[in-house]
Amino acid sequence: MKDRSTQVKLWTTDFILLMLCNFLLFLQLHMIVSPLPSYVQERFHANAFEVSLFTCLFALSAIAARLYSAKALEKGLRNAMIYIGLSVALLATLGYYFAAGIAVLLLLRMIFGVGFGMSSTAFPTMASDIIPVKRMGEGMGYFGLSTSLAMSMGPIIGVTLLQGSGFVTLMLCTAAVIVVIYPLSFSLTRKKAARSQAAPQTSAGATANVSRTKEKIPFNRKLILPSVLNCLLSITYGGLVGFIVLYGKEANLANPALFFLFNALAVLLVRPFAGRLYDSKGPKALLIPGAIFVAIGLTILSFATSMPILFVAAFIYGIGYGSMQSSLQTWMIQIVAPTQRGMANGMFLNTLDLGIATGALLLGAVASMTSYTDMYRYSVIFMIVFLLIYLIQGKRSGTFAVTVHPLLAHTHISGTNSDSKESNSTTSAEK
């Protein structure tokens, strides 16, 4: 008999719109993140440390904004977070045109970070609310694909625009992408507003219990481990988005931005399988091999002397990164109450940005003292630390299973604490 979990509809209109909005939001970000270091270095003759500040300060301001956004989302202020965030990001982007020095450009990047931090927390939270709990791993895997593809395609588009048409054209195209998000998100926020009025009449008991207790439990400590792991993974990506173009110049590579194209292809191929594997086996089946793939990809990249080698490195790295990132996000969503998904998604995105900021800062310092080649070799250390922390913690706790929150305990995921006996009893009760 066909598993009932596969009959639950995932690809709704709202889910597709949310993926598109999230894709465009991250696309416009990464259209300018990777080409910006090259522009700053050529326009203002900045050194490696000054270049790293553009990634670092943006990420820190986004993190600060999300600390507020998570609480606002719990109060039902999703619409405000989306539209205020988009407006702040748009104004800051248009302000790049008037930036005549590094200090002004840094300030605008920080303001942009605030706007991006506000809006980027809302979309994944809305997605986790509408994805069927029995297909959470698969659903968040597909949703995370929109982020990963944007992170991979954005640098290619941005570098091409910068080299072909200049920074002003790049700025205008980035602003245009933000503008497109407004009408797409309007239909979502209008529907959500209508649903929120009817929500108290459904699942009243569970919602009331969570509402009474959420103030007593402001932070779920179970989020710490996946957050640390996500940060370590993101440090390696920080070295890529911040310095791959500069590394290409050092290694005499024709178009190093194509790294992100092959990275995107790998992510596109692995994400659907990774989501289903997570739902059946849990995160261990993805995180351990994923970390190995990322380490191998970075090592090959450090030896890249031609474009084919760069493509191989990108593809291997993408397999690992694509499978790990969605697993960590799904893990964080599953261990909190539904009303705390804003906090969980905020933690996921904050540690993503913190890792990218840390990677840009630390690896930029390494590159300034050695070379970009050595920098990517040293990046492997973070994946070794990743594996050590995950394996040691799993051995100490006696299990690598994910403890699903009681309100989601009916979700059947092998490798979690929703064991087969509990799942079978739940299925019988449903029948």
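The legends below describe close-up views of a predicted model.

View 1. The secondary structure of the protein chain comes to 15 helices and zero strands. The chain has 431 residues, of which 57% count as buried.

View 2. T93 has its place in helix 4, which covers residues 78-95. With a relative accessibility of 0%, T93 counts as buried, because buried means under 20% relative accessible area. When the neighbours within four places in sequence are left aside, T93 is in contact with F112, M171, T174, A175 and I178.

**View 3. Helix 11 and the helices packed against its buried residues.** Helix 11 runs over residues 284-302 and has 19 residues. From its first C-alpha to its last, helix 11 reaches 28 Å, which is close to the 27 Å expected at 1.5 Å a residue. The buried residues of helix 11 are L286, L287, G290, A291, V294, A295, G297, L298, L301 and S302. These buried residues pack against helix 9 (224-251), helix 10 (259-281), helix 12 (307-334) and helix 14 (372-397).

**View 4. The crossing of helix 5 and helix 13.** The axes of helix 5 (residues 102-130) and helix 13 (residues 341-369) come within 9 Å and cross at roughly 130 degrees. That angle makes helix 5 oblique to helix 13, and the crossing of the two helices is right-handed. On the side of helix 5, the contact is made by F116, S120, T121, P124, T125, S128 and D129, while helix 13 contributes R341, G342, N345, G346, L349 and D353. Sorted by class, this contact of helix 5 with helix 13 has three nonpolar, seven polar and three charged residues.

**View 5. The crossing of helix 12 and helix 13.** Helix 12 passes helix 13 in a right-handed crossing. From helix 12, the residues Y321, Q325, Q329, M332 and I333 meet R341, A344, N345, M347, F348 and L352 of helix 13. By class, the contact of helix 12 with helix 13 has seven nonpolar, three polar and one charged residues.

View 6. C231 has its place in helix 9. The relative accessible area of C231 is 15%, so this residue is buried. C231 and L349 are 118 residues apart along the chain, and their C-alpha atoms are separated by 9.4 Å. Leaving aside the neighbours within four places in sequence, C231 is in contact with T351, L354 and G355.

**View 7. N252 in the loop between helix 9 and helix 10.** N252 is found in the loop that lies between helix 9 and helix 10. Most residues other than glycine have a negative phi. N252 has a positive phi of about 60 degrees, although it is not a glycine. With a relative accessible area of 68%, N252 is exposed, because exposed means over 50%.

Terms used: Residues numbered from 1 in each chain as written. Predicted model: local features only at pLDDT ≥ 70, side-chain atom pairs only at ≥ 80, totals over all residues. Heavy atoms only, no water. Helix = DSSP H or I, 4+ residues; strand = E, 2+ residues; numbered from the N terminus. Buried < 20%, exposed > 50% of the residue type's maximum accessible area, 1.4 Å probe, protein only. Contact = heavy atoms within 4.5 Å. Expected span 1.5 Å × (residues − 1). Axes fitted to C-alpha atoms, helices over the stretch in contact; angles between N-to-C directions. Parallel < 35°, antiparallel > 145°, perpendicular 65-115°, else oblique. Left-handed = near helix turned anticlockwise from the far one by under 90°. Nonpolar A, V, L, I, M, F, W, Y, C, P; charged D, E, K, R; others polar.
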